[in-house]
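This report covers one protein chain, from its overall make-up to single residues. The sequence and the model come before the discussion.

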Amino acid sequence: MAETRHKLDQGLYTRHLKTVVVGLVLATLLTLVLYTTPTTTSFILSATTNSLSASVLMDEGGPRCLPHRHVMFLKTHKCASTTVQNIFLRYGYTHNLTFALPSVGNYLGNPRLFKADMIPNKLLPLHGVVDLFAVHSRLNPPEHKRILYNDTRWITIVREPATLYESLFNFFHMKNGYGFDLSQFSTRPMLELESLPRYGGKLGKNQMLFDLGYSDNMSVTELRSAIEQLDKRFDLVMISEYMDESLVLLRHLLCWSLHDVVVFAKNARRQEVKPTLEPRTLQALRELNSADVLLYNHFVAKHRRSVYEFGVQRMANEVSALRSLRDEYYEVCGAREVKGRDSSLKFKEYSGLVSGYVTANNSDQNCLMLSMPELPLVDTIRRRQKVLLNVDGLS
């Protein structure tokens, strides 16, 4: 893996050297190496930074930070949360960290609120707390805190509610339960749409607030209180539409390297299978999901403030570096995108509507894990955790 990272760093250096104006090279180098952890082999543009003094590896004169390894990631349905989850699963596996895991599958609660006793004792360390929580759950902070360290960073992700609901509706074939498709939403009374039961007990309107542990029917006062509570609870709320910027903020929050937050998009539908909705349908979906709209708008505004505080040019530099590094991983891993149920895939995706990845370099653990779908990767981590905890009857 170290050899792969070295090749990626050298490729990234060459790419930037060709495209960045000479007078801005030093500034770009400084922003790229900020917070790179001393435990990795991934100093970006290492051949050049070796000549820099230790002081330029500090951020604004402060000490270099240490990687943070206690994370609670609340997955929200159809918000690109599986993409972000892959980052945490790979990081935890690579660093021998412990996870909150069910005995099978990838859910701990939902539609029920999470309870600590949903985790089998045999999959918990003796002291009863884990490093990482990154599977589907329905937020219940008092219970989640029972199995997490006190210094855990809390993270989630949100998405524009109308596009989220469209994705949810079509991905899970909710038409089969409701008897009509999205094109009819704009012609049906809103009271009828609001009264639709949650599909399978867990999928429906205001999905983000539901996943975050709240009712999908709240008064304005209750909604404002809920958003305020969530704002205080989460250290970072990522924005699906600004994924790369969110990944940069994530890496700085956790003091991880750019390599740690490189990821291939997961469980995302291919462009050709996404429907184009009429404006009146989108408006109906926003009205149906009006509570999620307020939630989303709040955290988009907060994201924009965070980018401004981080530095707009500094953010642009890091996003450019992240995208270049992702391209290098595609090349080094020999990755190509195929349909999710393609016969060439070693691990099939949940749905044929999404893309999967075939990699030529399966001997590299990171390349393999970058390409794996959620369920096989969770199964792999569960097997590893049983080994780490000396669980009998490994399967």
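## Conventions

Helices (H or I, at least four residues) and strands (E, at least two) are DSSP runs, numbered from the N terminus. The model is predicted: local features need pLDDT of at least 70, side-chain atom pairs count only at pLDDT 80 or more, and totals for chains, interfaces and linings use all residues. Residues are numbered from 1 along each chain as its sequence is written, and side-chain values use heavy atoms, with hydrogens and water left out.

## Overall composition

The chain contains 17 helices and eight strands. Of its 395 residues, 55% are buried; buried means under 20% relative accessible area, exposed over 50%, and partly exposed in between, with a 1.4 Å probe and protein chains only.

Contact means heavy atoms within 4.5 Å. Among the contacts with a separation of 6 or more, 74% are between residues 24 or more positions apart.

## The four-stranded sheet

Four strands form an open sheet in the order β3-β1-β5-β6, with parallel pairing. Two strands pair if DSSP finds at least two bridges between them. The edges are β3 (132-133) and β6, each with a single partner strand, so one side of each is left without a neighbour in the sheet.

Strand β1 (residues 71-74) is joined to β3 by two bridges and to β5 by four. Towards β3, Met72 has Phe133 as its bridge partner. Towards β5, Val71 is partnered by Arg153 and Leu74 by Thr156. Strands β5 and β6 run parallel and share four bridges, with Val158 standing opposite Ile239 in β6.

Which residues of β1 are buried on each side? Val71 and Phe73 are buried on one side, and Met72 and Leu74 on the other, so that both faces of the strand are covered. In β6 (residues 236-239) both faces are covered as well, with Leu236 and Met238 buried on one side and Val237 and Ile239 on the other. Helix α4 (residues 81-94) lies across β1, β3, β5 and β6 and runs at about 155 degrees to β1. Axes here are lines fitted to C-alpha atoms, for helices over the stretch in contact, and angles run from 0 to 180 degrees between N-to-C directions.

## Loop residues

Leu148 lies in the loop between α5 (141-146) and β5 (153-158). The residue is buried, with a relative accessible area of 4%. Leaving aside neighbours within four places in sequence, Leu148 contacts Met72, Val129, Val130, Phe133 and Trp154. Its C-alpha atom is separated by 5.7 Å from that of Val130, 18 residues apart along the chain.

A cis peptide bond, with omega about 15 degrees, joins Asn110 and Pro111; Pro111 is in the loop between β2 (107-108) and β3. Asn96, in the loop between α4 and β2, is a residue other than glycine with a positive phi, near 55 degrees. Cys255 also is not a glycine and has a positive phi of about 60 degrees; its place is the loop between α11 (243-254) and α12 (258-261). Asn96 is partly exposed at 46% relative accessibility, whereas Cys255 is buried at 2%.

In helix α13 (residues 279-288), the buried residues are Thr281, Leu282, Ala284, Leu285 and Leu288. They cover an arc of only 160 degrees around the axis, which puts them on the same side of α13; the arc is that of the directions from the helix axis to the C-beta atoms. An α-helix has 3.6 residues a turn, so residues three or four places apart point the same way.

The buried residues of α13 pack against α6 (161-171), α8 (190-194) and α14 (290-310). Exposed residues Pro279 and Arg280 are on the face of α13 turned away from its buried side.

## Helices α14 and α15

The axes of α14 and α15 (residues 312-333) come within 6 Å and cross at roughly 95 degrees. That makes α14 roughly perpendicular to α15, on a scale where angles under 35 degrees count as roughly parallel, over 145 as roughly antiparallel, 65 to 115 as roughly perpendicular and the rest as oblique.

Val307, Tyr308 and Phe310 in α14 meet Val312, Arg314, Met315 and Glu318 in α15. By class, this contact has five nonpolar, no polar and two charged residues. Ala, Val, Leu, Ile, Met, Phe, Trp, Tyr, Cys and Pro count as nonpolar, Asp, Glu, Lys and Arg as charged, and the others, Gly among them, as polar.
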